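Please open the structure in your viewer and keep the sequence beside it.

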Amino acid sequence: MTERLILDCDPGHDDALAMILAAGDPRVELLAVTTCAGNQTLEKVTRNALAVCAVAGIDVPVAAGARGPLVRPQLVAPEIHGESGLDGPVLPPAVRALDPRHAVDLIIDVVLAEEPGTVTLVPTGPLTNIALAMRKEPRIVDRVKRVVLMGGSYTRGNKTPAAEFNIAADPEAAQAVFAGGWPVTMVGLDLTHQATADPDVVARIAAVGSPLSEFVVDVLGFFGRTYREQQGFDAPPVHDLCCVAHLCDPAVFTTRDAFVAVELTGTWTAGMTVTDFGDLLGQPHNTDVAVALDKPRLWDMTVQAIAALSAVPAEAAAR
Ligand code: PIR
Ligand code: CA
């Protein structure tokens with residue numbers, strides 16, 4: 001059975017790769033793309049989503065969502081993703097119009113229109129749209145198959161020592177999602193930092209030899225430079241890609257169940273995903289936490305997806 005998903009993202013270099021895998025792997029069906037302010041402003045990340053659709057020939061509804069977090073001042077990440085939010089590659093103009101609906105309404109409409117238990121939500125930015133959709137239409141909680149989100153960590157953060165960026169950007173929204181009562185898979189930094197695009201991977205992508213593969217090489221080139229300069233990484237970790245990869249093939253990573261809650265009041269720890277794999281807190285486990293990556297599996301499917309999308313004639317891709 002193909003896994004059907006809505007990608008709620010803030011492209012974003014790794015979000016762009018997640019979109020491409022979701023469109024190019026035959027084991028998943030991308031139903032819609034929604035955007036949320038995160039790596040950059042809503043206008044910028046939405047433009048980037050449409051640009052990725054144009055390059056990759058993605059033809060699904062794209063809707064813009066929340067302009068900022070529920071409670072806190074907005075965070076953006078230009079030091080990693082650049083001023084545009086997707087610096088590096090040449091961004092083609094959009095070839096498709098934005099869906100007129102708000103992202104929250106598109107999410108609700110798609111989930112209610114499909115058979116119960118068949119749609120997975122894949123948030124790869126701050127969780128603002130997902131929290132708002134839960135509150136606007138609580139029936140989606142029982143109808144969604146599960147939520148596979150990139151965010152958090154059980155060891156340390158990247159925005160602060162305690163907090164990962166997507167959760168730090170909107171901790172209140174994240175807490176609502178973890179406590180929502182639906183199955184949640186947390187794909188946090190502990191997992192995604194294993195998903196580096198090493199030089200051999202970039203070479204395999206370049207060897208596909210298409211406009212799309214060139215675009216991806218440029219995406220990874222910029223992301224690799226900022227990750228080297230800002231975070232001292234040898235190669236960039238392509239966080240968001242891991243969520244989609246898990247829908248393509250669950251064996252791409254192992255999980256452990258845990259209780260996860262988001263710290264909302266700590267002086268130095270706001271946005272921390274407090275993770276109890278045992279029973280220290282006496283709370284029922286609410287989350288499957290991604291632990292160990294099968295890296296060759298991740299990059300094999302990603303290279304294949306890029307090749308599959310590249311086989312589409314350029315005219316069809318640009319329609
Ligand atoms: C990556 C991100 C934000 C900040 C940094 N430093 C690095 C974005 C990625 O798009 C991913 O979804 C998540 N947020 C990783 O923290
Ligand atoms: Ca992201």
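Next, highlight Asp-15 in helix H1 (residues 13–24) and Thr-124 in the loop between strand E4 (119–123) and helix H5 (128–136): the pair ties together parts that are 109 residues apart in sequence. Helices (H or I, at least four residues) and strands (E, at least two) are DSSP runs, numbered from the N terminus.

This is a predicted model, in which local features need pLDDT of at least 70 and side-chain atom pairs count only at pLDDT 80 or more, while totals for chains, interfaces and linings use all residues. Residues are numbered from 1 along each chain as its sequence is written, chains are lettered from A and ligands numbered from 1 in the order in which they are written, and side-chain values use heavy atoms, with hydrogens and water left out.

Asp-15 is buried, with a relative accessible area of 0%, and Thr-124 is buried at 1% (buried means under 20% relative accessible area, exposed over 50%, partly exposed in between; 1.4 Å probe, protein chains only).

Finally, select helix H11 (211–231), which supplies four residues, the largest share, to the lining of the largest pocket.
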